[in-house]
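Here are my notes on the model you sent.

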Amino acid sequence: MYQSESETGHRNRAIAYLLFGHGIVDRTPEEVVDLYFRQCSILVTARDLAAMGACLANNGTHPVTGVVALNSRPD
């Protein structure tokens, strides 16, 4: 999946360059797109996505286990 996206993701690269040009992303477009392709290649279930979303909505703390997965950083 990753290799296929990496070889054919021209539109995603174009979007990354547009966002970079407007200062919306602060890393190189190739770095951003590579990370995006890698994330898209990970197999997750709907349950996994729900747990991730719940954790983000709960300020980085898993609502069931109480494990802090993400610490907030000051602006």
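**Notes on the helix pair and overall form**

1. Helix α2 (residues 10-21) and helix α3 (residues 29-40) have axes that come within 9 Å and cross at roughly 130°. Axes here are lines fitted to C-alpha atoms over the stretch in contact, with angles from 0 to 180 degrees between N-to-C directions. α2 and α3 are therefore oblique to each other, a class left after under 35 degrees (roughly parallel), over 145 (roughly antiparallel) and 65 to 115 (roughly perpendicular).

2. On the α2 side, N12, R13, A16, Y17 and F20 make the contact, and on the α3 side P29, E30, V33, Y36 and F37 (contact means heavy atoms within 4.5 Å). Sorted by class, the contact of α2 with α3 has seven nonpolar, two charged and one polar residues.

3. This is a predicted model, in which local features need pLDDT of at least 70 and side-chain atom pairs count only at pLDDT 80 or more, while totals for chains, interfaces and linings use all residues. Residues are numbered from 1 along each chain as its sequence is written, and side-chain values use heavy atoms, leaving out hydrogens and water.

4. The protein has four helices and zero strands (DSSP runs: H or I of at least four residues for helices, E of at least two for strands).

5. The radius of gyration of the protein, taken over C-alpha atoms, is 16 Å, whereas a compact globule of 75 residues would have one near 11 Å. The C-alpha atoms fill a box of roughly 40 × 35 × 15 Å along the principal axes.

6. Of the 75 residues, 11% count as buried (under 20% relative accessible area, 1.4 Å probe, protein chains only).

Conventions:
Ala, Val, Leu, Ile, Met, Phe, Trp, Tyr, Cys and Pro count as nonpolar, Asp, Glu, Lys and Arg as charged, and the others, Gly among them, as polar. The radius of gyration is taken over C-alpha atoms; the globule rule is 2.2 Å times the number of residues to the power 0.38. Buried means under 20% relative accessible area, exposed over 50%, partly exposed in between (1.4 Å probe, protein chains only).
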